[in-house]
Amino acid sequence: QAGAGREQSDDLSSLGRMALVSLMVIYTLLASQLRSYSQPLIILSGVPFGAAGALVGHYLLGYDLSFISIFGMVALSGVVVNDSLVLMDRYNKMMREGQMQAQQAIVAAAKSRFRAIFLTTATTALGLTPMLFETSTQAQFLIPMAVSLATGIVFASIIILFIVPALVIIRHDLLGDKRVADAELALST
């Protein structure tokens, strides 16, 4: 019994290290493509909210957190990053066009990408719903992962539509209009 507990603890710490490495790789890829150090942080800000949504989902649906649940949270981070990236990409395109202020551009980006974010969320959550209500013993092993993905993506997507625009404006205010305009103009060249 003690050996199994120690082995599970080692597995969890290994998974935590690998999740951190994957987030660093995602950050590096985003930074190289966006040519920004701060925008990838804004995009990655949705990941903790996805994990929080997964924890709330486990509580509401009455499932204990398990090793497979954590695998679901790691997989969830990719979907959450995609939703944030779609929004940030639209904002960057609108700023490059130069016809809007930052506040107008992020609001317009959120409006124009709402459908894409909503559809990603709805199809992921609804696609996993049959697994949540599966009663076969073979599916019981995978249900915690489905709970993590389905509830985490719903929670994170709602938060993304509010937190990403707020962080974009905070970034804009901290860096100042001139620096942000210069940096985003450099993106277009």
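I began at glycine 98, which takes a positive phi of about 75° just after helix α4. The model is a predicted one, and I read the backbone angle of glycine 98 as part of that prediction.

Helix α4 covers residues 67-97 and holds 31 residues. I noted a reach of 46 Å from the first C-alpha of α4 to the last. At 1.5 Å a residue, 45 Å would be expected, and the computed reach is close to that value.

Next I listed the secondary structure of the whole chain. I found 7 helices and 0 strands. Read from the N terminus, the order of elements is α-α-α-α-α-α-α.

I looked up how the chain packs. The protein chain has 189 residues, and 37% of them count as buried. For contacts with a separation of 6 or more, I recorded that 72% join residues 24 or more positions apart. The accessible surface of the protein chain is about 10,800 Å². Carbon and sulfur atoms account for 66% of that surface.

My last entry concerns leucine 29, which lies in helix α1, residues 2-34. Is leucine 29 buried or exposed? I classed leucine 29 as exposed because its relative accessible area is 53%, and the cut-off for exposed is over 50%. I also checked the spacing between leucine 29 and proline 40, which are 11 residues apart along the chain. Their C-alpha atoms are separated by 8.8 Å.

Key
Residues are numbered from 1 along each chain as its sequence is written. This is a predicted model: local features need pLDDT of at least 70, side-chain atom pairs count only at pLDDT 80 or more; totals for chains, interfaces and linings use all residues. Side-chain values use heavy atoms; hydrogens and water are left out. Helices (H or I, at least four residues) and strands (E, at least two) are DSSP runs, numbered from the N terminus. The expected span of a helix is 1.5 Å times one less than its number of residues. Buried means under 20% relative accessible area, exposed over 50%, partly exposed in between (1.4 Å probe, protein chains only). Contact means heavy atoms within 4.5 Å. Accessible areas come from the Shrake-Rupley method with a 1.4 Å probe; for residues, only the protein chains shown count as cover.
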